[in-house]
Amino acid sequence: MSEDRDGTSAPESAANELPRERAEMVDRQLRDRGIRDPRVLAAMAETPRERFIPPEREALAYADRALPIPAGQTISQPYVVARMTELLGVEPGDRVLEIGTGSGYQAAILARLGCHVVSIERQPELAATARERLTELGLGDMVEVRLGDGSVGDPGGAPYDGIVVTAAAPAVPPALRDQLADGARLVIPVGPRDHQELLVIERNGDRSSERSDGPVGFVPLVGEAGFPE
Ligand code: SAM
């Protein structure tokens, strides 16, 4: 490591900025834009996003945007992760199904809220890296990362207290609706490949309500109940 004239090494001083940038991200990108749930804000403040992105992009860890990760995929914008988490409305001890593990960041936030997470990813490379990272951060016991097509959910593990889909579906996969516990919510981006609406579906007995939280843009859900490859 090279030393600056003041005696601190350049990479270390950059790394030391990250906790401050994380706190600023929580204030400016989340709290100022209406994220209210103190547990979600705390989980976002405690989770090092830089650990979920390729090292060469570490300096962008708290940028207000999605970032590329391997396999042509993305880690979502911090605001979107916080908003989807808030919309799920989960409690400590709840069982949550995530479709689209990606980097593992969304799963880490849910685990920090005290949820037991089953997270399904179709890209083997991403599933393996996310599993490693979550273990290194001490969250391995709270998150089970599985390899497979999550568009059909996890019938064997249902019902879930919350289901979050972090890839865009052409329509709501019927299996995911069926796998909600009574009172649970499914948060899912639905629409064509280039723009979607973030839908919040809540099951109440035999009925379910549905509303849009607004426009979003996600990479496609690819699989049986998603887009073709
Ligand atoms: N939640 C992730 C995070 O925190 O980094 C971001 C996920 S990224 C926007 C979407 C992910 O969904 C990609 O990793 C992609 O491979 C995955 N995916 C797409 N279709 C899938 C499917 N049918 N089953 C499981 N994962 C899928």
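**A tour from the loops to the ligand**

Start by selecting P159, a residue of the loop between β5 (143-147) and β6 (160-165); strands here are DSSP runs of E with at least two residues, helices are runs of H or I with at least four, and both are numbered from the N terminus. This is a predicted model, in which local features need pLDDT of at least 70, side-chain atom pairs count only at pLDDT 80 or more, and totals for chains, interfaces and linings use all residues. Residues are numbered from 1 along each chain as its sequence is written, and side-chain values use heavy atoms, with hydrogens and water left out.

Next, go to A71, in the loop between β1 (67-69) and β2. A71 is not a glycine, yet its phi is positive, about 65°. Most residues other than glycine have a negative phi, and most peptide bonds are trans.

The ligand is surrounded by 26 residues, the closest being S103, E121, D149, G150 and V222. By class, this shell has nine nonpolar, 13 polar and four charged residues; Ala, Val, Leu, Ile, Met, Phe, Trp, Tyr, Cys and Pro count as nonpolar, Asp, Glu, Lys and Arg as charged, and the others, Gly among them, as polar.

Show distances from the ligand to these residues:

- G100: a polar backbone atom is 3.0 Å from a ligand nitrogen.
- Q106: a polar backbone atom is 2.9 Å from a ligand oxygen.
- T166: an N or O atom of the side chain is 3.1 Å from a ligand nitrogen.

Taken alone, the ligand exposes 610 Å², and the protein buries 99% of that (Shrake-Rupley method, 1.4 Å probe). Colour β2 (73-75), α4 (105-112) and β4 (116-121), the elements that give two or more residues to the shell. β2 provides the largest share, three residues.

Finally, hide the ligand. The space it takes is the largest pocket (on a 1 Å grid over the protein atoms alone, an open set of points where a 1.4 Å probe fits, with protein on both sides within 12 Å along at least five of seven lines; lining residues have an atom within 4 Å of a point). A molecule sits in a pocket if more than half of its atoms lie within 2 Å of its grid points. Among the 32 lining residues, G100, G102, E121, T166 and A167 lie nearest the pocket's centre.

Note on methods. A residue is near a molecule or strand if one of its heavy atoms lies within 4 Å of it. A polar contact is a pair of N or O atoms within 3.5 Å; within protein, one must be able to donate a hydrogen and the other to accept it, and residues adjacent in sequence count only if both atoms are side-chain atoms.
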